[in-house]
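This report describes selected parts of one protein structure, moving from a single residue to strands, helices and the backbone. Please keep the sequence and the structure in view while reading.

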Amino acid sequence: MRTGAWLIGARGSVAVTSMIGALGVRAGLTGPTGCVLESPALRDRIRPGIGDLVFGGHDVTSVPLDKKAAELAAAGVVPAALVAAVQEELSVIEQQVRPLPTAATQAETAAAIGADLDRFRRRHDLDRVVVVNVSTTEPAPPPHPAHAGLPELRAALGQPGAVLPPSALAAYAAFQAGSPYVDFTPSTGARLPALDALARERGLPYGGHDGKTGETLVKSVLAPMFAQRNLKVRTWSGVNLLGGGDGANLARPGANAAKAASKQRVLAETLGYQPQGETRIDYLEDLGDFKTAWDLVTFEGFLGTAMRMEFTWHGCDSALAAPLILDLTRLTAAAHRSGRTGALPELAFFFKDPLGDVPHGLAEQWQALCAFIDALDSGR
């Protein structure tokens, strides 16, 4: 079941780490640690497998994949020996990464993106192509009347000017080309009503938003603990320090606000109220692809006794995100094969700001994911 993994932002750290990891697992050079679908409870339940994935993508930069891979190895993100071992296969993927098209109108740009997807599908004789957005976070777009309905959107896209932000235009192009779509960023993606209508019209599933890899992953475990023990959380504040391209992008106010809102949303939706405090994101160039988050939680116990807890999370963003990209590509492809259409709320386990009316506690999300995989597995 050969499946295309078409990455928007294919020359970035997360994308290249995903490629190196998939090539290494396929060759038996490394294990699938971090891949949820390769855990003992879920192994061999979902097709396609990691070895069935064929990579391509779009990017606005022209940095060769081998150069990016060398940078990741020098930074300690991926093993240098593994990069050397998969160099030849990485050069093959290099030929499948295209410049992100631009045209006079967004309709023409979407058609050019779709043409690249179609050529990729036919060249490699793929059963389907899943488009995954791993590009930089974009600010929330201003509202536009065409976002509400598909006929209005199609008409507006044929006019000059930007109707959709880049992530949403990628989703539109993917759906038009018959490809499922996953947004691993907090950007708009397929979240607009007009794009949901297009996905349903084309019989396509989609997932998102904002991969849950660090501080928010911990929040989704701890917040239910406070709620279930009936402990009143008074404040919850976090400071996130990160470097790399993602950190540089998040130094921009619009992107920073979109990311911070996504990270903080889990608290109100799990606790049932919004404690005082905020999540701050600061860029420290020296950290590179690594990130550190420090959280302070103050809470009230029996008889109003004041208490507190603190935790620190230090991790490598690309190494945490890459295995989830492989999981999400496989799950979305399997959902497409099974006939699922529209948003996939069962993928909430992977996201900070999941689609649909879903629980925000990790344990409940795990149960929903396992039930989803049971259904996909039984329908194979």
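## A partly exposed threonine

Threonine 61 is partly exposed, because its relative accessible area is 38%; buried means under 20% relative accessible area, exposed over 50%, and partly exposed in between, with a 1.4 Å probe and protein chains only. Threonine 61 belongs to the loop that lies between β2 (53-59) and α2 (65-74). Helices (H or I, at least four residues) and strands (E, at least two) are DSSP runs, numbered from the N terminus. From threonine 61 to tyrosine 273 there are 212 residues in sequence and 42 Å in space, C-alpha to C-alpha.

The model is predicted: local features need pLDDT of at least 70 and side-chain atom pairs count only at pLDDT 80 or more, while totals for chains, interfaces and linings use all residues. Residues are numbered from 1 along each chain as its sequence is written, and side-chain values use heavy atoms, with hydrogens and water left out.

## Strands and their pairing

Strands of a sheet pair through backbone hydrogen bonds, either parallel or antiparallel. Seven strands form an open sheet in the order β3-β2-β1-β4-β5-β6-β11, with parallel pairing; two strands pair if DSSP finds at least two bridges between them. At the edges are β3 (97-99) and β11 (342-343), each of which pairs on one side only. Within this order, strand β4 (residues 128-133) and β5 are joined in the parallel sense by three bridges, and valine 132 stands opposite valine 182 in β5.

Strand β7 (residues 232-242) pairs with strand β9 (residues 290-300) in the antiparallel sense over ten bridges. Threonine 235 has threonine 298 in β9 as its bridge partner. Strand β7 also runs parallel to strand β8 (residues 279-283), with five bridges between them; here valine 239 is opposite arginine 280 in β8.

Two packed helices are described by the angle between their axes and the distance between the axes. Axes are lines fitted to C-alpha atoms, for helices over the stretch in contact, and angles run from 0 to 180 degrees between N-to-C directions. The axes of α2 and helix α4 (residues 87-94) come within 9 Å and cross at roughly 130 degrees. The pair is therefore oblique: angles under 35 degrees count as roughly parallel, over 145 as roughly antiparallel, 65 to 115 as roughly perpendicular and the rest as oblique. Contact means heavy atoms within 4.5 Å, and Leu65, Asp66 and Ala69 of α2 meet Gln87, Leu90, Ile93 and Glu94 of α4.

Helix α7 (residues 166-176) packs against helix α8 (residues 193-202) at an angle of about 15 degrees, with the axes 9 Å apart. That angle makes α7 roughly parallel to α8. On the α7 side, the contact involves Ala168, Ala171, Tyr172, Phe175 and Gln176, and on the α8 side Leu195, Leu198, Ala199 and Arg202.

## A buried threonine

Is threonine 188 buried or exposed? Threonine 188 counts as buried, since its relative accessibility is 11%. Its place is the loop between β5 (181-183) and α8. Apart from residues up to four places away in sequence, threonine 188 touches Glu138, Pro141, Pro165, Ser167, Ala168, Asp183 and His209.

## Backbone details

The peptide bond from glycine 208 to histidine 209 is cis, with omega near 5 degrees. Histidine 209 is in the loop between β6 (205-208) and α9 (215-228). Asparagine 230, in the loop between α9 and β7, has a positive phi near 55 degrees although this residue is not glycine. At 70% relative accessibility, asparagine 230 counts as exposed.
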